[in-house]
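Please work through each task with the structure at hand before reading the solution.

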Amino acid sequence: MIDEAGKRTLLKAIRDRIRGCRKCSIREDYDKPVPFAGSPNARVMFIGEAPGSEEVERGKPFAGKSGQLLRSAIEKAELDGDDLFITNTILCRPLDNKFPDDPEIIVNCQAWLRHQVRVIRPSVVVAVGGKAHKLVFDQREGITKACGNWSEMKWPWEEDLPSFWYMPVLHPSFCFRGADGRYDNPVMNMNSQERCALLEKHIASIPERFVVEEESEEKEEAPPPAATKFERKKLRF
Ligand code: SF4
């Protein structure tokens, strides 16, 4: 088990290497990858799609308008800042803001995600948007149907790591879009306000997973009282 100081050192080394990463062609057009942010002790890992221009400018994931909606949902859910870690499927901003369809880029950047996962070992993972849901977790069901559904999962490429609770949620940028009545799909038919409320509702279900986790630990070995304490700290990144 790595202690907090060890995790900080490892995360700093990973972050420095990401900043200098030039594995993919998109680096020729856009500099400055946007590394992860969050606590080394996080139990919850959010995995988004790719940084936008504001994220690149500020050097932080989920720093733009979409990020504000996610952060506000996290605040409303009263999640502890020490419990959170945010990263992206792809760490460089794609050309024209379009998510790249080159599988090599996904594979290249997934190597960085694996490093992060090995250090953080989250017990709850939230895929933010359909790209993370599909590309990181190889899920076929569309995000508008799968959003909000919890399942127990193993990392597809790190089988020796413990299983975790997994939930995909709508990407905030999709929540800002208006209803599209062309589909027989209740989420597609929702207006922007309804989709934002749905995202908040799904994020608000995260603390319930800690209860499930603590209950299952209790069956094997009674946890010390401190393990169930919930002293909330603000989101710090
Ligand atoms: S997308 Fe990822 S792997 Fe590719 S250059 Fe950027 S940081 Fe490196």
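The model is predicted.

**Exercise 1. Overall fold**

Determine how many helices and strands the protein has, and why it can be described as compact as a globular protein of its length.

*Solution.* Step 1: the secondary structure comprises nine helices and six strands. Step 2: the radius of gyration is 18 Å, close to the 18 Å that the globule rule gives for 237 residues, so the protein is as compact as a globular protein of that length. Step 3: the C-alpha trace spans about 50 × 45 × 30 Å along its principal axes. Step 4: of the 237 residues, 37% are buried. Step 5: among contacts between residues at least 6 apart in sequence, 72% join residues at least 24 apart.

**Exercise 2. A helix pair**

*Solution.* Step 1: two packed helices are described by the angle between their axes and the distance between the axes. Step 2: for helix 1 (residues 4–19) and helix 4, the angle is about 170° and the axes are 10 Å apart.

**Exercise 3. Isoleucine 143**

Decide whether isoleucine 143 is buried or exposed, and identify the residues that it touches.

*Solution.* Step 1: isoleucine 143 lies in helix 6 (residues 143–146). Step 2: a residue is buried if 20 or more other C-beta atoms lie within 10 Å of its own. Step 3: isoleucine 143 has 21 other C-beta atoms within 10 Å and is therefore buried. Step 4: not counting residues up to four places away in sequence, isoleucine 143 touches Gly129, Gly130, His133, Pro168 and Leu170. Step 5: tyrosine 183 is 40 residues from isoleucine 143 along the chain, and their C-alpha atoms are separated by 14 Å.

**Exercise 4. The ligand shell**

Find how many residues surround the ligand and which helix provides the largest share of the shell.

*Solution.* Step 1: the ligand is surrounded by 15 residues, the closest being Cys21, Cys24, Cys92, Asn108 and Cys109. Step 2: helix 4 (residues 103–120) supplies the largest share of the shell, four residues. Step 3: by class, the shell holds eleven nonpolar, one polar and three charged residues.

Notes
Residues numbered from 1 in each chain as written. Predicted model: local features only at pLDDT ≥ 70, side-chain atom pairs only at ≥ 80, totals over all residues. Near = placed C-beta within 6 Å. Helix = DSSP H or I, 4+ residues; strand = E, 2+ residues; numbered from the N terminus. Nonpolar A, V, L, I, M, F, W, Y, C, P; charged D, E, K, R; others polar. Axes fitted to C-alpha atoms, helices over the stretch in contact; angles between N-to-C directions. Rg over C-alpha atoms; globule rule 2.2 N^0.38 Å. Buried ≥ 20, exposed ≤ 12 C-beta atoms within 10 Å, placed from the backbone. Contact = placed C-beta atoms within 7 Å.
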